[in-house]
Amino acid sequence: GGVFAECEDVKEIEAFDWPDPKYLNLESVVGDTRYAHERGLAVFGGMWCPFFHVLADFFGMENYFCKMYTHPEVVHAATERVVDFYVRANRMVLRETAKYLTAGFFGNDFGTQLNLMVSPECFDEFLLPYLKRIIETIREAGLKVAMHSCGAIGRVIPRLIDAGVEILHPLQAQAAGMDAVSLSQYKKDLIFMGGVDTQRLLPFGTAREVYDEVLRLRGLFGEGFIVSPSHEALLPNVPYENVVAMAEAAKA
């Protein structure tokens, strides 16, 4: 249910013991970012800022979505508090790491395999304004804006572009409407990162199939494409040969 499962009053949100980012210890993240930069890697970083997930935990996901209709003022009050934390924290992190970064990177999973988790109308009211606040912290640091969302988010991609997202990750290839042909309509406005299917192709396909698929994706997306799995990780069920095939096709 979460700590706010039964909450119907903004005063309860205000009375909660919210964390203060001044207590964050940034030593390790600054050191790791510098280490990667000094070795010539492209580095995407910053606070992950998963406010959508945090709110789903605080309310319970079903309660969270229902309260968007029954108690919108409570949802906004909690969202403000969570996003305030991430905005302040992200500015702290980027102040120390922006000089080592290629892009500012943050993420929230807004999609299921078939559709958005909430309606576009709820997205516009309860999510988009807060995404814009996080995006602004990245732009203030002079960085490209990279955003992660798993799932079928095609219905709001134009909104994300208008909000300032420049790099979209991870392109969940098997999710509805997230295939490369459908997404290529946005290639003038977005850099795509991902798209190499981790649900079927990478774990169960042959190295030749992986190689050919990467070449197909490169052809569809053109120069604005970063070859990457359709999720943020290569899981243990992906054969080594398929990883090598993906890397070789990226450089072919």
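**Ground rules.** I am working with a predicted model, in which local features need pLDDT of at least 70 and side-chain atom pairs count only at pLDDT 80 or more, while totals for chains, interfaces and linings use all residues. Residues are numbered from 1 along each chain as its sequence is written, and side-chain values use heavy atoms, with hydrogens and water left out.

**Salt bridges.** I looked up the salt bridges (a side-chain nitrogen of Lys or Arg within 4 Å of a carboxyl oxygen of Asp or Glu) and found that the structure holds eight.

I turned to E166 and K144, whose closest N and O atoms are 3.5 Å apart. For exposure I use relative accessible area, with buried under 20%, exposed over 50% and partly exposed in between (1.4 Å probe, protein chains only). E166 is partly exposed at 25%, and K144 is likewise partly exposed, at 43%.

I then went to helix α10 (residues 207–221), where R208 and D212 are four residues apart and thus separated by about one helical turn. Their salt bridge has its closest N and O atoms 2.8 Å apart; R208 is exposed at 53%, whereas D212 is partly exposed at 37%.

Also in helix α10, R216 and E213 are three residues apart, again about one helical turn, and form a salt bridge with closest N and O atoms at 2.8 Å. R216 is partly exposed at 39%, but E213 counts as buried at 18%. I also recorded that E80, D84 and R133 are joined into one network by salt bridges that share partners.

**Largest pocket.** I took a pocket to be an open set of points on a 1 Å grid over the protein atoms alone, where a 1.4 Å probe fits, with protein on both sides within 12 Å along at least five of seven lines; lining residues have an atom within 4 Å of a point. The largest one has a volume of about 180 Å³, the space filled by probe spheres set on grid points joined across faces, edges and corners.

Which residues line the largest pocket? I listed A42, F44, T102, A103, K144, I167, I191, M193 and I226. This lining divides into seven nonpolar residues, one polar and one charged, where Ala, Val, Leu, Ile, Met, Phe, Trp, Tyr, Cys and Pro count as nonpolar, Asp, Glu, Lys and Arg as charged, and the others, Gly among them, as polar. I noted that K144, in the salt bridge with E166, is among the lining residues.

How values were computed: Helices (H or I, at least four residues) and strands (E, at least two) are DSSP runs, numbered from the N terminus.
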